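Hello,

Here is the structure I promised to pass on to you. Have a look at it first, and my notes follow below.

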Amino acid sequence: MARKTRETIVLCEAAGFDKIFVETVGVGQSETAVHSMVDFFLLIQLAGTGDELQGIKRGIMEMADGIVINKADGDNLDRAKLAASQFRSALHLFPMPDSGWTPQVLTYSGFYNIGVKEVWDMIYNYIDFVKDNGYFEYRRNEQSKYWMYESINEQLRDSFYQDQRIQTLLQEKEQGVLRGNLTSFAAAKDLLDVYFRQLRQ
């Protein structure tokens, strides 16, 4: 799925779209994949749901180029401001990103259209900043290289698991590992030996 998303982004750029949004469904591995295919990684948080920093993985915070606290309006405004202050304090504990950019924390209300312009200004300022210092081009090149290797890994993995002989032996080796007759490493080596031997034939 991640490779298809990357390919879709490249296709949209080729078609002339200059603003492409990639949304994830939650905190997890998908964020790491998305970070490797976007120019700006925006972490959106909701205030007023408890300790906003609790449960936020350190890795996600370190990847963020900017953080915004949503629903900063009405009775939730003070909580949103407090959450923003907490995130700003937390960001000071992290090392400076490779981009040289200091991540910003903003509040906004999508419903009342408050702070939306400031969010866009932050994104544009970041893009200008990394283009000026050369990080933008460097990052794009690193992403292209990363997805080249990911494509190789994915196709090799698919080829391995779709091989009929491997499918037949996989269950047998798995049972051997579970019964303690084989180590995990020995089972993997046996399967790979069979796979590569077939390729050489």
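To start, in which loop does Asn113 lie? Asn113 sits in the loop between β3 (104-107) and α5; helices (H or I, at least four residues) and strands (E, at least two) are DSSP runs, numbered from the N terminus. I will come back to that residue below.

First, the ground rules. This is a predicted model, in which local features need pLDDT of at least 70 and side-chain atom pairs count only at pLDDT 80 or more, while totals for chains, interfaces and linings use all residues. Residues are numbered from 1 along each chain as its sequence is written, and side-chain values use heavy atoms, with hydrogens and water left out.

On confidence, the protein chain has an average pLDDT (the predictor's confidence in each residue, from 0 to 100) of 90, and 92% of the residues score at least 70. Helix α2 (residues 29-35) is where confidence is lowest, with a mean of 80, whereas helix α5 (residues 116-132) has the highest, at 98.

Now to the inside. The largest nonpolar core has 23 residues, and Phe41, Met61, Ile67 and Ile69 touch the most other members. By a core I mean a set of buried Ala, Val, Leu, Ile, Met, Phe, Trp, Tyr and Cys residues joined through side-chain atoms within 4.5 Å. At least two residues of this core come from each of α3 (58-63), β2 (66-70) and α4 (77-91), and α4 gives the most, with six. There is also a second, separate core of 13 residues, with Tyr108, Ile123, Val130 and Phe136 among them.

Helix α6 (residues 135-162) is worth a look. Buried residues of α6 include Tyr135, Phe136, Arg139 and Trp147; buried means under 20% relative accessible area, exposed over 50%, and partly exposed in between (1.4 Å probe, protein chains only). Met148, also in α6, is partly exposed at 44% relative accessibility.

The search of the whole structure turned up eight salt bridges, each a side-chain nitrogen of Lys or Arg within 4 Å of a carboxyl oxygen of Asp or Glu.

- Lys4 and Glu7 meet at 4.0 Å, N to O; both lie in helix α1 (residues 2-14), three residues apart, about one turn of the helix.
- Asp121 and Lys117 meet at 2.8 Å, N to O. They are separated by about one helical turn because they are four residues apart in helix α5. Lys117 is exposed at 58% relative accessibility, while Asp121, at 30%, is partly exposed.
- Glu142 and Lys145 meet at 3.4 Å, N to O, again three residues apart in helix α6.

Last, the backbone. Most residues other than glycine have a negative phi. Asn113 is not a glycine, yet its phi is positive, about 55 degrees, and the residue is exposed, with a relative accessible area of 57%. Lys71, in the loop between β2 and α4, also has a positive phi, near 60 degrees, and is partly exposed at 45%.

Enjoy exploring it!

Best wishes
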